[in-house]
Amino acid sequence: MTPIPPPHRRRDRRRIRVTLAGATAGALLAGLAALPARAADGADAPLGTLARTAGRAHFEPGPCPRTADPTPALDGARCGTLTVPENRARHNGRTITLAVAIVPAARKRAPDPVVWLAGGPGDDANSEIQLALGGGLNQDRDVIFMSQRGTYSADPALTCPNVDRFAADSLGLVYGAPSTGRLHVGATRACRDRLVGLGADLSAYNSTESAHDYADLRLALGIRQWNLFGISYGTDLALLYQRLHPEGLRSVGIDGVLPPSLAGGAVTWKAAREGFDGIFRACADQPACNDRYPELKATFERLVRELEARPVTTTVTLPDHPDPVEVTLDGGVLVNWLTFASHLAAGVPRSIDELAHGDPGRIATQWAGGKLSPQAVGRMSHGLAYGVFCSEWTPFETEQDVIEAGRRAFPSFPGSVLANAPLLPWLHEDCRAWDVPAAPASVRDVTRSDIPTLVLSGGFDAQTAPSSGPYAARTLSRSTAVTVPYVAHVVFADSPCAQAVTRSFFDTPTAPDTECLACLQPPEFEIAP
């Protein structure tokens, strides 16, 4: 499994790397009927400064959480923990704690905060604080960050450093070889066994339980009304929350949309096709790029076939890595490289052209750089990721479904490439090893809502597909669907225009200002001598 790369890491480094018991629902609804704008015991207290119990959840003010990177904004934040049942279906089971950080508004304070839903699945919201603030999300509103269950700043944190290290150690292996798959699944199984040995109930780490966690947080903080903003997998979670817990929800923003009804391997092939074609078209539309790199799409697809038949091994040198690194490129690596490289689109045509002329160095260096970065180890919650994948995705999509979707998108690709969807290698085998029960089929229901919703997509999004945004918006009657051209997955991370549209939306959810879209220009592609 290759998680979708967190956008804050993409921006900071500028290089490539990438729940179901509803027993408390009635209690939540009943509690809301009496909930004031601020709880009666602290109407004037700043948000997050009072301890409060709501049903089986308890918020306790306290120190700010650990984060994967330095987070200066925590110096002025109000923090604490939310304690919730690990498995709400077990009334006497163990509890888990989720780290909460509330960053105050930079200027005037609207009464309805924004809660940030991180991507992945498995990314930590508190490690994405600088990304959110870099886009000005706290300009007029407090922004609430809470670690999803199992993530880096939660307790327990269900990380799998051995799986991350395998991704680095396997750079010299053939990506799509069955022997590589067996090692991959072995690492997954070893992590599962370790986490179970520590007492984790792996079946409780999923989107529905996470949605209930956020509903509990709103009650425990005494918030009458709030807004959601989810990125990448966080859009899946936001749409599920919108369906399960519409009470108290003023508006919803989703960016890099992954609708629960589509989530799985098949949609990643569709996303790759749409995102790749966006880059290829943009190059073809620029005379200098088209003249220097003609037929870029055909060249790329030819290289995938050739590398899958005859993988190429090269050696690269990386900054801060003392020894040369051996990297093997096959067709699957090339597909996954371009999925990530869509975030650095200006260099894509040149990299493909150099590979076509016998120089794999740029692509190999970028591919290895993400895998060998210290930031790639020990941050991702594979416990949550596999909990979502293996209960909500693979039970509703066969391996043949994935292959057929790949063949529709890329008819010329060999079967060995199509067997592993982009970002999700060996997923069904991994899920057989992870061994958690399937979620109810309702987890994949389409969300139908009249809550104002901003639906953001990127024209170069090769990870969740530009078309997924309009698909989700069809059943959101008061939605504004926006495709930001020339930007990859999670436009809020890289586009000042998308950031401005998002801020405008939370000010006026039914009429966001989208005028900046008309001024956007394609990247200036690198032209080799």
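Predicted model: local features only at pLDDT ≥ 70, side-chain atom pairs only at ≥ 80, totals over all residues.
Biologist: Which strands are the edge strands of the open sheet?

Modeller: Ten strands form this sheet in the order 1-2-3-4-6-5-7-8-11-12, with mixed pairing. An edge strand pairs on one side only, and this holds for strand 1 (52-54) and strand 12 (479-484).

Biologist: In strand 6, which residue is the bridge partner of Trp116?

Modeller: Strand 5 (residues 114-117) and strand 6 (residues 143-146) run parallel and are joined by three bridges. The partner of Trp116 in strand 6 is Phe145.

Biologist: What is the handedness of the link of Cys160 and Cys191?

Modeller: A disulfide joins these two residues, with an S to S distance of 1.9 Å. Cys160 is in the loop between strand 6 and helix 4, and Cys191 is in helix 5, 31 residues apart. The angle about the S-S bond is -75°, and the link of Cys160 and Cys191 is left-handed.

Biologist: How many residues apart in sequence are the parts that Cys390 and Cys431 tie together?

Modeller: The sulfur atoms of Cys390 and Cys431 are 2.1 Å apart and form a disulfide. Because Cys390 lies in helix 14 and Cys431 in helix 17 (residues 427-434), the pair ties together parts whose separation in sequence is 41 residues.

Biologist: Which cysteine holds the sulfur closest to that of Cys519?

Modeller: A disulfide requires sulfur atoms within 2.5 Å. The sulfur of Cys519 is 7.6 Å from the closest cysteine sulfur, which is too far for a bond. Cys519 itself counts as exposed because its relative accessibility is 61%. The closest cysteine sulfur belongs to Cys516.

Biologist: Leaving aside its neighbours within four places in sequence, with which residues is Glu524 in contact?

Modeller: Glu524 is found in the segment after helix 19 (496-507). Its relative accessibility is 73%, so Glu524 counts as exposed. Once the neighbours within four places in sequence are left aside, the contacts of Glu524 are Gln286 and Ala346.

Terms used
Residues numbered from 1 in each chain as written. Heavy atoms only, no water. Helix = DSSP H or I, 4+ residues; strand = E, 2+ residues; numbered from the N terminus. Buried < 20%, exposed > 50% of the residue type's maximum accessible area, 1.4 Å probe, protein only. Contact = heavy atoms within 4.5 Å. Pairing = 2+ DSSP bridges.
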